[in-house]
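Take a moment to look over the sequence and the structure before reading on.

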Amino acid sequence: MAGENQTSIFEFLLWGLSEWPEQQRVLFLLFLWMYVVTVAGNLLIVLAIGTDTRLHTPMYFFLASLSCADILFTSTTVPKALVNIQTQSRSISYTACLVQLYFFLTFGDMDIFLLATMAYDRYVAICHPLHYKMVMSRRRCTLLVTACWILTSLVAMTHTFLIFRLSFCSKIIPDFFCDLGPLMKVSCSDTQVNELVLLFLGGAVILIPFMLILVSYIHIVSAILRVPSAQGRRKSFSTCGSHLAVVALFFGTVIRAYLCPSSSSSNSIEEDTAAAVMYTVVTPLLNPFIYSLRNKDMKCALARFLRGKVFFLWGQ
């Protein structure tokens with residue numbers, strides 16, 4: 001196979017976040033801040049939910065799973081980008097590039113599936129409250145998350161294997177990490193099979209969950225409109241609105257990156273990089289604030305967790 005001749009000797013160069021040297025320090029500090037906040041925020045959510053038995057419900061189980069996926073998703077790209085900026089080196093080995101691609105696709109697709117699962121959970125809770133405990137049992141929730149992990153692993157494995165079959169005539173990847181589109185652009189092999197699989201399999205992975213989320217929220221909104229209390233409607237719309245804003249930002253940039261072809265011009269590369277930053281860095285950064293800080297139970301759990309840690313350290 002073409003990939004076998006390149007695994008030990010081939011090295012890629014990542015385009016990076018910017019080609020302007022004077023912007024590198026600012027970008028390093030900005031992305032380091034965003035990465036630390038993302039990891040700390042999502043880790044706090046996982047720990048708060050894990051230590052508070054009152055939050056051992058399906059909704060918070062999915063939220064903790066999403067936070068774990070967000071930490072892993074961001075960690076596949078941002079640390080390498082930060083190292084490259086700091087060392088002024090853009091190189092990444094062929095093997096490391098494929099490994100990064102596999103885990104990036106796995107955790108990115110996991111985010112998509114979990115957002116759809118969370119929307120379905122809210123749909124059942126609001127539209128069918130009497131059947132909620134039966135439909136969203138602990139066993140079913142565990143099976144749903146397990147199925148998501150298996151599906152995302154299989155999808156990522158398929159795309160990674162198809163990239164492995166390609167040979168490459170350019171070392172410069174037009175992005176700050178290894179992704180499907182940029183890798184196909186620098187290949188000298190026929191990428192028609194890769195493009196078809198990306199269109200149909202990738203399209204299904206992105207659009208089916210997106211449609212499920214939209215349908216779920218349409219039913220949720222119609223149920224909210226029947227709530228007699230104006231204050232209750234405002235609170236529900238506020239929560240749904242923030243959730244849908246994150247969904248729109250995430251899916252809008254993902255659809256732009258994977259389902260809308262772009263040229264290889266400098267402007268197009270900058271636009272693709274900006275879209276990639278939105279769904280790889282900005283959305284995982286926003287999720288803890290959107291899904292948790294607007295939630296009274298979550299804020300109380302975080303306060304109890306942090307207060308407990310302060311008392312523990314003070315006692316030491």
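The model shown here is predicted, and its chain has 316 residues, of which 46% count as buried. Of the contacts that link residues at least 6 apart in sequence, 79% join residues at least 24 apart.

An unreviewed UniProt entry lists several stretches under "transmembrane region", among them residues 60-79 and 196-225. In the model, residues 60-79 are 90% helix and 0% strand, with end C-alpha atoms 28 Å apart, while residues 196-225 are 100% helix and 0% strand, with end C-alpha atoms that lie 42 Å apart.

How do two of the helices, α1 and α3, pack? Helix α1 covers residues 24-51 and helix α3 covers residues 78-87, and their axes, 10 Å apart, form an angle of about 155°. Because angles over 145 degrees count as roughly antiparallel, α1 and α3 are described in that way. Their crossing is left-handed. On the α1 side, the residues that meet α3 are Gln24, Leu27, Phe28, Phe31, Leu32 and Tyr35, and on the α3 side their partners are Val78, Pro79, Leu82, Ile85 and Gln86.

Conventions: Residues are numbered from 1 along each chain as its sequence is written. This is a predicted model: local features need pLDDT of at least 70, side-chain atom pairs count only at pLDDT 80 or more; totals for chains, interfaces and linings use all residues. Side-chain values use heavy atoms; hydrogens and water are left out. UniProt positions are given in the numbering used here, feature names are shortened, and annotations may be inferred rather than shown by experiment. Helices (H or I, at least four residues) and strands (E, at least two) are DSSP runs, numbered from the N terminus. Buried means under 20% relative accessible area, exposed over 50%, partly exposed in between (1.4 Å probe, protein chains only). Contact means heavy atoms within 4.5 Å. Axes are lines fitted to C-alpha atoms, for helices over the stretch in contact, and angles run from 0 to 180 degrees between N-to-C directions. Angles under 35 degrees count as roughly parallel, over 145 as roughly antiparallel, 65 to 115 as roughly perpendicular and the rest as oblique. A crossing is left-handed if the near helix is turned anticlockwise from the far one by less than a right angle, and right-handed if clockwise.
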